[in-house]
Protein chains: 2
Amino acid sequence: MPLTEKHSSKSFDNDLHECIDLFMAMGRMSAEQVTLATHALVDSNVELAKKVIEEDTKINQMEIKVDELVVLLVAKRQPTASDLRLVMALSKGVVDLERVGDEASKIARMACKLHKEGVSPRGYSEVQHLSNQVRVMLLEALDAFLRMDPEQAFSVLQSDEMVNEEYQSASRSLMTYVMEDSRHVSKVINILWVLRALERVGDHARNIAELVIYCTSGKDVRHTDFVTVEQAVQEASSLIASRNTAE
Amino acid sequence: MPLTEKHSSKSFDNDLHECIDLFMAMGRMSAEQVTLATHALVDSNVELAKKVIEEDTKINQMEIKVDELVVLLVAKRQPTASDLRLVMALSKGVVDLERVGDEASKIARMACKLHKEGVSPRGYSEVQHLSNQVRVMLLEALDAFLRMDPEQAFSVLQSDEMVNEEYQSASRSLMTYVMEDSRHVSKVINILWVLRALERVGDHARNIAELVIYCTSGKDVRHTDFVTVEQAVQEASSLIASRNTAE
């Protein structure tokens, strides 16, 4: 059932939707922060970088607010079964979104550093490429969360595998470059930190996707192999299909 | 009230203690993994490094188990007030402990890499020093959690400030070294990753300490300044003192 549809209790519904709305707003803002931080880095725009760092406070405050709402929801509404799984997923997912904000800040700090020390001779196209990919992944994961779509969540997990490979390959190529021409070593290391931060954003998107699979299948698919995850996704899809037929 | 003391409901008590025991075992194992990974790196012991990487699976499984117990606790016992805060803290803290395990694995993978490529000419004493510090921090945070001691938790937050400074200083000195002598750049970058992983372990210990302050004061002190945190700690200490007098 997409999260936009109604639940059994009206007051639970209202409280839950307030929490989900805030979670989604926080997610979209974190994704935007990653994009802006990347722009700041690629365009060496220090003003934009500073803005990203300042704005992170808002994401931090949103995290605290979501957690407050979660505790209130559990205390007042005492959810069970799928409602409880959803509330726990919000509590877990909010940590990932806050970390995405932190990674955006890190990238922005590197943008300031590179602006001061002079640009890196390499790595910007890799940064731009990886940033685009993890942004799409994060937005997909959030959309899968809102629609409670296990198949879409699964495709995020698949994208994360690709992102990890591209991160490894980009890192290796920068390391090789710097070993051959060491004049710019500190600048290139800053780009390596940025690539790492982006790879972490991909991991957080993956975590949110895993929460969608948990909510829809009831199975915790963290730390499991792809075959097991795929089974859980299929079970979740069957559950959803049979519920839709019954309605 | 230390977590070893009794709560109101006996069945809640039993379920909760099972969860806390597992949380503490997981915490001690993560701390041990960091220590072993550091040994593996410093002694270039690839067998030990491989063992650390293998053992991480156990920590991952413990995370899943703690979360299962948390969901059962909430669903069956419907805790409120301080019991609910504690249960939510277990759910949040377990993520940090799992990440500590991940950081230990990362360090172990770097140990394998350095064993293969040849040791780094610099950075081992800094790694050993930082590793000792974050290990103590993590054990202190876990002890503060078990005893629900806000003052001890606060001292972990203070240690984290020091660890962050030492990390910055060690990183800068390695960067300077590599800019002057670039022959070992890739090896030194591996040591930089290790230092970063250790600094992250310190952050996770800090997060657990913040959960202790949340449980004892009812205040969420994440993303706040030290003065506000100190006030929350004082309030928590007064609450504990007045409860002890009443008993």
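Student: What makes Ser30(A) count as buried?

Tutor: The relative accessible area of Ser30(A) is 0%. The term applies to values under 20%, so Ser30(A) is buried. This holds for a predicted model. Ser30(A) belongs to helix 1 of chain A, which spans residues 10-42.

Student: Which residues does Ser30(A) touch, not counting residues up to four places away in sequence?

Tutor: The partners of Ser30(A), with residues up to four places away in sequence not counted, are Ile59(A), Leu97(A), Val100(A), Gly101(A) and Leu138(A). Under the same exclusion, Leu138(A) touches Ser30(A) as well as Gly27(A), Ala31(A), Leu97(A), Val100(A), Val201(A), Ala205(A) and Ile208(A).

Student: Which residues of the largest nonpolar core touch the most other members?

Tutor: That core has 177 residues, and those touching the most other members are Leu41(A), Leu138(A), Phe145(A), Leu41(B) and Phe145(B).

Student: Why are helix 1 and helix 6 of chain A called roughly antiparallel?

Tutor: Helix 1 and helix 6 (residues 185-217) of chain A pack at an angle of about 165 degrees. Angles over 145 degrees count as roughly antiparallel, and the two helices are therefore described in that way. Their axes are 12 Å apart, and helix 1 of chain A passes helix 6 of chain A in a left-handed crossing. The contact involves Val34(A), Thr38(A) and Leu41(A) from helix 1 of chain A, together with Ile191(A), Val194(A), Leu198(A) and Val201(A) from helix 6 of chain A.

Student: How do you know how helix 5 of chain A is oriented against helix 6 of chain A?

Tutor: Helix 5 (residues 150-180) and helix 6 of chain A pack at about 165 degrees, with axes 9 Å apart. That angle makes helix 5 of chain A roughly antiparallel to helix 6 of chain A, given the cut-off of 145 degrees. The crossing of helix 5 and helix 6 of chain A is left-handed.

Student: Is Leu69(B) buried or exposed, and how do you know?

Tutor: Leu69(B) has a relative accessibility of 9%. The limit for burial is under 20%, so Leu69(B) counts as buried. This residue lies in helix 2 of chain B, residues 46-77. Apart from neighbours within four places in sequence, Leu69(B) is in contact with Glu18(B), Cys19(B) and Leu22(B). Leu69(B) and Leu90(B), 21 residues apart in sequence, have C-alpha atoms 9.8 Å apart.

Student: What makes Gln78(A) partly exposed?

Tutor: Gln78(A) has 30% relative accessibility, a value between the limits of 20% and 50%; Gln78(A) therefore counts as partly exposed. Gln78(A) sits in the loop between helix 2 (46-77) and helix 3 (81-117) of chain A. Although not a glycine, Gln78(A) has a positive phi of about 40 degrees. Most residues other than glycine have a negative phi.

Student: Why is Ala81(B) called exposed?

Tutor: The relative accessibility of Ala81(B) is 55%. Exposure requires over 50%, so Ala81(B) counts as exposed. Ala81(B) is part of helix 3 (residues 81-117) of chain B, and its phi, near 45 degrees, is a positive value in a residue other than glycine.

Definitions and conventions. Residues numbered from 1 in each chain as written. Chains lettered and ligands numbered in written order. Predicted model: local features only at pLDDT ≥ 70, side-chain atom pairs only at ≥ 80, totals over all residues. Heavy atoms only, no water. Helix = DSSP H or I, 4+ residues; strand = E, 2+ residues; numbered from the N terminus. Buried < 20%, exposed > 50% of the residue type's maximum accessible area, 1.4 Å probe, protein only. Contact = heavy atoms within 4.5 Å. Core = buried A, V, L, I, M, F, W, Y, C linked by side-chain atoms within 4.5 Å. Axes fitted to C-alpha atoms, helices over the stretch in contact; angles between N-to-C directions. Parallel < 35°, antiparallel > 145°, perpendicular 65-115°, else oblique. Left-handed = near helix turned anticlockwise from the far one by under 90°.
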